[in-house]
Amino acid sequence: MLQFEGANILSVDQFDADSIQRVFTIADQMIPYAHRKKRTRVLDGAILGNLFFEPSTRTRVSFGTAFNLLGGEVRETTGMESSAIAKGESLYDTARVLSSYSDIIAMRHPKAGSVAEFAEGSRVPVINGGDGTNEHPTQALLDLYTIQKELHHHQRTIDGMHICMIGDLKYGRTVHSLSKLLCLYKGVQFTLISPQELAMPAEVLSALEDAGHRFTVTDQLAGVMDADIVYQTRIQQERFASLEEAAQYRGRFRLNSEIYTRHYKPNTVIMHPLPRDSREEANELDNDLNQNPNLAIFRQADNGVLIRMALFALTLGVADKVSQYDTDVVWFSDKANY
Ligand code: CP
């Protein structure tokens, strides 16, 4: 079991089944706060340093929201150009300095391994919000939490499920981290659909093999009628040498109502880490799926707040004290019914 208090959260490799269950249990306890049924001040006075050196909407804002919902304050740094890293300062020095201004740090950076390098200089816990093509552990935890909840509605479990991952499996850190977490489960079947040049890295395939999972690698959408989950991804254009190179792959695997009905069984859950590329040349997840009850992408994004609240509460050692500091919400809120 991961010793959460004071720990850095850098990789899904740190998690075993009990640690995941602990995160999910605490995440469930965060629902009344995220739904504005109650508020808590358990982190009153604490400061989150939210450092995002790559674009982000969900991860950056949900880390901040999660910290605010626990009563803490957030200091943001966004973009290399607004940090002294642009003047040549090392990640180590940046970490030494910023960790004295914060109680915990969340960080995203374009270079694989950079968040671990930063954590070596930090005197407070560091949470990886995505490091290049390497990992996105909090996304994988929220994806897994979402999969468990969605399958539960269909009386299914993660053990024995069939997941179909589509798109840029080479550069997509979300599918790397999620696949590794799924190695903690039994008998998962993977269908990995990508252009051959963007196939899942060998290291991840080898982990699936070691876990005893079956996988099919293909560049064809056909033949996935029994998938329980379809996990679409974006072509990670920021990882390619040129925009022209990325453009070759954009729009290769589109998912819309017609394709969904043709290739998937009626209750297949549709996931995507977001952002979805909705430009006409990509349109990887069509708006005509927006009213499909199996489209879980926004529930997935909402779950990010719960998982990040849980990780903050656990790493700062207040997971069992949250309700001691709660009060009623006095303003109108209908979030629980969204
Ligand atoms: N899923 C995800 O990482 O989204 P952002 O890039 O908006 O943070």
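**Reading a helix pair and two loops**

Reader: P275 is found in the loop between strand 10 (269-271) and helix 11. Which peptide bond joins L274 and P275, cis or trans?

Author: The model is predicted. Omega is the angle to read here, and for the bond from L274 to P275 omega is about 0°, a cis peptide bond.

Reader: What is phi of L274, and is L274 buried or exposed?

Author: Phi of L274 is near 65°, a positive value in a residue other than glycine. L274 lies in the loop between strand 10 and helix 11. Buried means under 20% relative accessible area; L274, at 12%, therefore counts as buried.

Reader: Where does Q155 lie, and is Q155 buried or exposed?

Author: Q155 sits in the loop between helix 6 (137-153) and strand 6 (162-166). Its phi is near 55°, again a positive value in a residue other than glycine. The cut-off for exposed is over 50%, so Q155, with a relative accessible area of 69%, is exposed.

Reader: Which residues in helix 3 meet helix 11?

Author: From helix 3 they are R58, T59, S62, F63, A66, F67 and L69; the helix 11 side has A301, V305, R308, M309 and F312. The contact residues divide into 8 nonpolar, 2 polar and 2 charged.

How values were computed
Residues numbered from 1 in each chain as written. Predicted model: local features only at pLDDT ≥ 70, side-chain atom pairs only at ≥ 80, totals over all residues. Heavy atoms only, no water. Contact = heavy atoms within 4.5 Å. Helix = DSSP H or I, 4+ residues; strand = E, 2+ residues; numbered from the N terminus. Nonpolar A, V, L, I, M, F, W, Y, C, P; charged D, E, K, R; others polar. Buried < 20%, exposed > 50% of the residue type's maximum accessible area, 1.4 Å probe, protein only.
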